[in-house]
Structure formats: C-alpha cells, structure tokens
Amino acid sequence: MKAQVLKAFKYQQLIDMMYIANDGTISKRRVKILKVSGDAFQAYCFLRREKRHFKIDHVLSCMPVQVKERQIV
C-alpha cells in the first residue's frame, strides 16, 4: 500500500481509498496527497473538505482517479 501512496504523491494524482479509522469505522475518501512522512501522510480530503492526517497502515485499498476526457461526436 505504501508504494501506491508514494506513487500517487510523486505524480500528484487524486486517489479513491477505503480507510479504517482508529474506532473501526470504514469510509471511502477521495484525497490528494500533500506530504508523506514515515508511516503517515497528509492529504486534502474532499469528503471533509480539509487537510487530514492518515496512517498508511489504515489504508485498506486505493486506486488512482481516472479523469475521462469528454469526446466530441
């Protein structure tokens, strides 16, 4: 999981991730990673609309957001 987080940070990609909080609740979040340090990272969370800190160990899955270009027919 750490490799995916670092890759998203390197290429400034938005990612959709499933995250488990300390209390056991699971949420789906879209984030843009701003800073990675050790086993955690800081990201802008579009769900909460603010900067948040996340533990890499608590990320259950993550996937880069695919931006689809609109095609003219």
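Okay, let's start with Arg 30, which is partly exposed at 37% relative accessibility. By that I mean the band between buried, under 20% relative accessible area, and exposed, over 50%, using a 1.4 Å probe and protein chains only.

Quick housekeeping. This is a predicted model, where local features need pLDDT of at least 70 and side-chain atom pairs count only at pLDDT 80 or more, while totals for chains, interfaces and linings use all residues. Residues are numbered from 1 along each chain as its sequence is written, and side-chain values use heavy atoms, with hydrogens and water left out.

So what does Arg 30 pair with in a salt bridge? Its partner is Asp 16, at 2.7 Å from N to O. A salt bridge here is a side-chain nitrogen of Lys or Arg within 4 Å of a carboxyl oxygen of Asp or Glu. The pair ties together distant parts of the chain: Asp 16 sits in strand S1, residues 14-20, and Arg 30 in strand S2, residues 26-37, which puts them 14 residues apart. Strands and helices are DSSP runs numbered from the N terminus, at least two residues (E) for a strand and at least four (H or I) for a helix.

The whole structure has 2 salt bridges. Arg 52 makes one with Glu 50, with the closest N and O atoms 2.9 Å apart. Arg 52 is partly exposed at 26%, and Glu 50 is partly exposed at 37%.

Now, Arg 29. This one is in strand S2, and it's buried yet has no salt bridge. How far away is the nearest side chain of opposite charge? That's Glu 50, 7.5 Å away. For charges, Lys and Arg count as positive, Asp and Glu as negative, and His and the chain ends aren't counted. What Arg 29 does have is a polar contact of 2.9 Å between its side chain and that of Ser 27. That term means a pair of N or O atoms within 3.5 Å; within protein, one must be able to donate a hydrogen and the other to accept it, and residues adjacent in sequence count only if both atoms are side-chain atoms.

Arg 29 also touches Phe 54, contact meaning heavy atoms within 4.5 Å. Phe 54 lies in strand S4, residues 50-55, and is buried at 2%.

Last bit: backbone. Most residues other than glycine have a negative phi. Gln 12 has a positive one, near 55 degrees, and Arg 49 does too, near 60 degrees. Arg 49 is in the loop between strand S3 (40-45) and S4, and is exposed at 69%.

Terms used
Lists of a residue's contacts leave out its neighbours within four places in sequence.
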